[in-house]
Each structure stands twice: as C-alpha cells, then as structure tokens.
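The plan is to look things up one at a time and jot down what turns up.

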Amino acid sequence: MAPASPFDAGSGRMDLVAAVRAGLLLPESTDRYYQADPADYFFAETGGDPSQLNLASMAHGEIVDTWTFRRAVKNVTLLTTHWTVDWTAPEGVGLNVHPEQFTLEPGLTQELEVTADCSQLPLEEWRFGEMN
C-alpha cells in the first residue's frame, strides 16, 4: 500500500470556531472561477488556468522549468497584523516567496509571489510542500 498524498487526503472538515478567528482571507470571485475553467467554451481561445485562482492550494500539472503563483491575502481583523511566511519545499524543488514578511492594516491586501523551480524534477511527477 502506497502512502497517502495530498490528493488522497481531501479537504477535511471545516472548523467553524477556528474559521471565524482567521486573520487572513484569500478573496476570490465567482467570475474568476468561470474564467479559470480550461473547458469553458466562452474562454476557449485563451483557455482557463485554475493555477492562477486565489486559493490556498497551489498546483500546476505542467511546470517544466519555473512557475510563479500569485496570491493575495486580506487582513480581515480590526488590528494591524504582522506576518512571516514559512514554507517547506518538496525535495528537488527550489521555492521562493516574496515578500517573506509583511505588515497589514485592517482591510488591506498583500500580494504574494511564490516561485517554484522544478527544473531538476523528472517530468510527470507531482511534489508536495507546505506554506504557513
């Protein structure tokens, strides 16, 4: 039996008590979900790209060299908050996050760029890391 990967684990259960205490939100719109659908006929010429949705998960099945994921986080608290990004890169992947530290006043948003260098990986293999 093979060990479970994040694909096998699923999303889990929502902890509503913890959810209402979240300090950061990743805002995303319904329109962008439609635009990200690679099979959507309306956007067939450009093709949707789900990897660019503003989600906590970052996945792309065709990285050959490097790929940059862009995410935005919004401070949903009533306080100015200070954040440090921490990550664990999967074996064989170079990972860079910018900025690594930031301060957000209430209601403001911070853009994050996460660049994955997968140039040393064999093709058609998935790797899994974590970012906190």
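**Entry 1: the parts list.** Before counting, I need to know what counts: helices here are DSSP runs (H or I) of at least four residues, and strands are E runs of at least two, numbered from the N terminus. One caution for the whole page is that this is a predicted model. With that settled, I looked up the tally and got three helices and eight strands. Reading from the N terminus, the order is α-α-β-α-β-β-β-β-β-β-β.

**Entry 2: overall dimensions.** I checked the C-alpha trace, and along its principal axes it spans about 45 × 40 × 30 Å. The protein has 132 residues, and 22% of them count as buried. I also looked at contacts with a separation of 6 or more, and 57% of those are between residues 24 or more positions apart.

**Entry 3: the nonpolar core.** Which residues of the largest nonpolar core touch the most other members? I found Val73, Val93, Phe102 and Cys118, out of 13 residues in that core. Next I asked where the core residues come from, and strands S2 (66–75), S6 (101–104) and S7 (109–117) each supply at least two. S7 gives the largest share, three residues.

I then zoomed in on Phe102. Skipping the neighbours within four places in sequence, Phe102 is in contact with Val73, Thr81, His82, Trp83, Val85, Gln110 and Leu112.

**Entry 4: salt bridges.** How many salt bridges does a search of the whole structure find? The search gives two.

One of them pairs the side chains of Glu113 and Arg70, at 3.5 Å from N to O. Glu113 sits in strand S7 and Arg70 in strand S2, so this pair ties together parts that are 43 residues apart in sequence.

Arg32 has 36% relative accessibility, so I wrote it down as partly exposed.

**Entry 5: a closer look at Glu28.** I found Glu28 in the loop between strand S1 (24–25) and helix H3 (30–36). Glu28 has a relative accessible area of 25%, which means partly exposed. Leaving out neighbours within four places in sequence, Glu28 is in contact with Tyr33, Leu53 and Asn54. I also took the distance from Glu28 to Pro106: they are 78 residues apart in sequence and 18 Å apart in space, C-alpha to C-alpha.

**Entry 6: the largest pocket.** The largest pocket holds about 1,600 Å³ of space. Its lining has 49 residues, and Ala56, Ser57, Met58, Ala59 and Gly129 are the closest to the centre. Several elements give two or more residues to this lining, among them helix H1 (6–9), helix H2 (16–19) and strand S8 (130–131). I sorted the lining by class and got 34 nonpolar, eight polar and seven charged residues.

Entry 7: The bond joining His98 and Pro99 is a cis peptide bond, with omega about -5 degrees. Pro99 is in the loop between strand S5 (94–98) and S6.

How values were computed
Residues numbered from 1 in each chain as written. Predicted model: local features only at pLDDT ≥ 70, side-chain atom pairs only at ≥ 80, totals over all residues. Heavy atoms only, no water. Core = buried A, V, L, I, M, F, W, Y, C linked by side-chain atoms within 4.5 Å. Buried < 20%, exposed > 50% of the residue type's maximum accessible area, 1.4 Å probe, protein only. Contact = heavy atoms within 4.5 Å. Salt bridge = Lys/Arg side-chain N within 4 Å of Asp/Glu carboxyl O. 1 Å grid on protein atoms, 1.4 Å probe; cavity = no way out; pocket = protein on both sides within 12 Å on 5 of 7 lines; lining within 4 Å. Points joined across faces, edges and corners; volume = space filled by probe spheres on them. Nonpolar A, V, L, I, M, F, W, Y, C, P; charged D, E, K, R; others polar.
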